[in-house]
Amino acid sequence: MTVKVGANGKVDLYNAGGPTQLIADVFGYYTQGHDCCSGYMGGQYHPLAQPVRLTDTRDWGIGRVPAGYYINSVASWNTTIDPHVRAFAVNVTATQPTGGGYLTAWNGYSGSLPNTSTLNYTPNATVPNFAVVPTTPCGDCGSATGLPSIGVYTSTNAHIIVDIVGYYDDGSLPGGLRFTPIVPTRIADTRSGQGWPSRLGPGATASIAAPGSIASVDTWALATNVTAVLPTSATYVTVWPSGAGRPGTSNLNPTAGSIVPNAVQTMIGADDKFNVFNAGGYCDVVVDVVGTFYQYPSSTASGWSTSAPVTPTAQSPTQIKRL
């Protein structure tokens, strides 16, 4: 997740009960008070109006990705955007693993796998996690060669799913958004009726409003932490902006009786709302906002609008590569 740093440049990690080990991996940072983006140092965020499924190896017809192998997940917008994409904002999911292990998402260079994990899974589990992952032009990817891509490695036989919610540019494209972190603020908790009056039933959708204390006229997207609480059956939860049709993607995959969080970056609609869908059973939902993405210099300037996001086309080659 994205965390605001204190004046000392630090963040606090709190454990509510019982001894536990903590691991923190850093994949990037946001700056403030700098002109963007002289010399293309840094970039801005371009959210998608709807999340898009880039990769689902269950559909490839060649079985699980073997332990020690990786896949490329590739997207293409157009010849104007593609050369300037520097990172994907994605939800990566491991499903149907044959044992315990982990996935690592990185730029896909076979000789540069980092010693970090994007998510950790147990046998037969379905585990998602949000990540911002640097891209490189895909190499040896057939018709997708040269297009923006990431790599996803698995340590154990497993299927891999990649859903994209936005991208970061090199600072040269118009219409990008900047980020302001905030102290985590709870805007919805169906257990108490905050933000939505009751838990979500099977096939139900809640429409959650970003309050005026968080969203201004220039706010186009939120960085949040969404938690599914004690679903009565295995389900999945999907988040997307109001005013758009529900996408064929997921953000959370909780089992019955579990409490499962995940970071979610989502656009908000013209009414400052976003939707949360629960696929099955009854499930409480909690939403905490950790930051906002805003248009600069202001919404009165030409450029950004709700119709501006260009939807990418999934270009994932059905290739499994060994490191």
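In which segment is Val5 found? Val5 lies in the segment before β1, a strand that covers residues 45–56. The views below come from a predicted model.

**View 1. Val5 and a nonpolar surface patch.**

**View 2. An open sheet of 3 strands.** The strands follow the order β11-β15-β13, and their pairing is antiparallel. β11 (204–209) and β13 (237–241) are the edge strands, each of them pairing on one side only. On average, neighbouring strands of this sheet are turned by 20° against each other, with direction ignored.

**View 3. The pairing of β13 with β15.** Strand β15 takes in residues 273–278 and pairs with β13 in the antiparallel sense. The two strands are joined over 5 bridges. Val237 stands opposite Asn278, which belongs to β15.

**View 4. Thr249 and the residues around it.** Thr249 sits in the loop that links β13 to β14 (259–267). Is Thr249 buried or exposed? Its relative accessible area is 5%, so Thr249 is buried, the cut-off being under 20%. Neighbours within four places in sequence are left aside in the contacts of Thr249, which are Pro51, Val52, Arg53, Asp163, Tyr236 and Thr238.

Methods
Residues are numbered from 1 along each chain as its sequence is written. This is a predicted model: local features need pLDDT of at least 70, side-chain atom pairs count only at pLDDT 80 or more; totals for chains, interfaces and linings use all residues. Side-chain values use heavy atoms; hydrogens and water are left out. Two strands pair if DSSP finds at least two bridges between them. Helices (H or I, at least four residues) and strands (E, at least two) are DSSP runs, numbered from the N terminus. Axes are lines fitted to C-alpha atoms, for helices over the stretch in contact, and angles run from 0 to 180 degrees between N-to-C directions. Buried means under 20% relative accessible area, exposed over 50%, partly exposed in between (1.4 Å probe, protein chains only). Contact means heavy atoms within 4.5 Å. Patches are made of residues with over 30% relative accessible area and no salt bridge: like charges are joined within 9 Å, nonpolar side chains (Val, Leu, Ile, Met, Phe, Trp, Tyr) within 5 Å. Accessible areas come from the Shrake-Rupley method with a 1.4 Å probe; for residues, only the protein chains shown count as cover. A salt bridge is a side-chain nitrogen of Lys or Arg within 4 Å of a carboxyl oxygen of Asp or Glu.
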